[in-house]
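Let's take a walk through a protein model together. Have a look at the picture below, and then we will go from one part to the whole and back again.

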Amino acid sequence: MASSKKVIMREEWEKRLNHIRIRKEEMNKLVMNFLVTEGYAEAVAKFRMETGTEPDMDVAMIMDRMAVKEAVQCGNVEDAIEKVNDLNPEILDTNPELFFHLQQQRLIELIRNEKIEEALEFAQEELAPRGEENQSFLEELERTVSLLVFKDVSNCPVRELLDISQRLKTANEVNAAILTSQSHEKGTELEEDDW
């Protein structure tokens, strides 16, 4: 499938940039949106004081969201699930894919910590029933459980599941869901394709 993005040369890009005039207030709103979305609570507070630009979200909400994201990034999935439910229990109730991915990450952490018996029990009790309901969940579960077959995961074809990037992927998915529940965009306005 071909990309629908138009490629322009550097000279054309610079020419277009020279003709764009952005008001300082609009630029400040873009910067504030980025800081809020990415969770830089301290920077939001400082930027607000310096520019007078109001964030569209309370700083405490940003910090709560970042606590969830940090818990996932550190491998503390149970803590992250608890924090999400404290913020808004409907997030996981209404998003079975997100809940599955958090549970899958929990299984990955058990495997990473070589808690094999606990991992098998968790997979059977918590994830297998979800796999029966959803074919893609079953396929992801099978991939994850295959980590148990290899004593040396460096030879495992799905070793990327143990990479930190997997935690980041799950953390970003949770972050986006929380932002959506708080009526904020999933991504920053700077990521838009309008440029």
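How far apart do the end C-alpha atoms of residues 61-118 lie, and how much of the span is helix and how much strand? Those end atoms are 34 Å apart, and the span is 83% helix and 0% strand. The stretch carries a label, too: an unreviewed UniProt entry annotates residues 61-118 as "domain: CTLH". UniProt positions are given here in the numbering used for this model, feature names are shortened, and annotations may be inferred rather than shown by experiment.

Before going on, a word about what you are looking at. This is a predicted model, in which local features need pLDDT of at least 70 and side-chain atom pairs count only at pLDDT 80 or more, while totals for chains, interfaces and linings use all residues. Residues are numbered from 1 along each chain as its sequence is written, and side-chain values use heavy atoms, leaving out hydrogens and water.

Now step back to the whole chain. The protein chain has 10 helices and zero strands; here helices (H or I, at least four residues) and strands (E, at least two) are DSSP runs, numbered from the N terminus. Along its principal axes, the C-alpha trace spans about 60 × 40 × 30 Å. The radius of gyration of the protein chain is 21 Å, whereas a compact globule of 195 residues would have one near 16 Å. This radius is taken over C-alpha atoms, and the globule rule is 2.2 Å times the number of residues to the power 0.38.

What about inside and outside? Of the 195 residues in the protein chain, 35% are buried. Buried means under 20% relative accessible area, exposed means over 50%, and partly exposed is in between (1.4 Å probe, protein chains only).

Why does Gln 103 count as buried? Because its relative accessibility is 4%. Pro 96, on the other hand, is exposed, because its relative accessible area is 51%.

Finally, look at what surrounds them. Not counting residues up to four places away in sequence, Gln 103 touches Ile 81, Phe 122, Glu 126 and Leu 127, where contact means heavy atoms within 4.5 Å. As for Pro 96, its C-alpha atom is separated by 10.0 Å from that of Asn 134, and the two residues are 38 residues apart along the chain.
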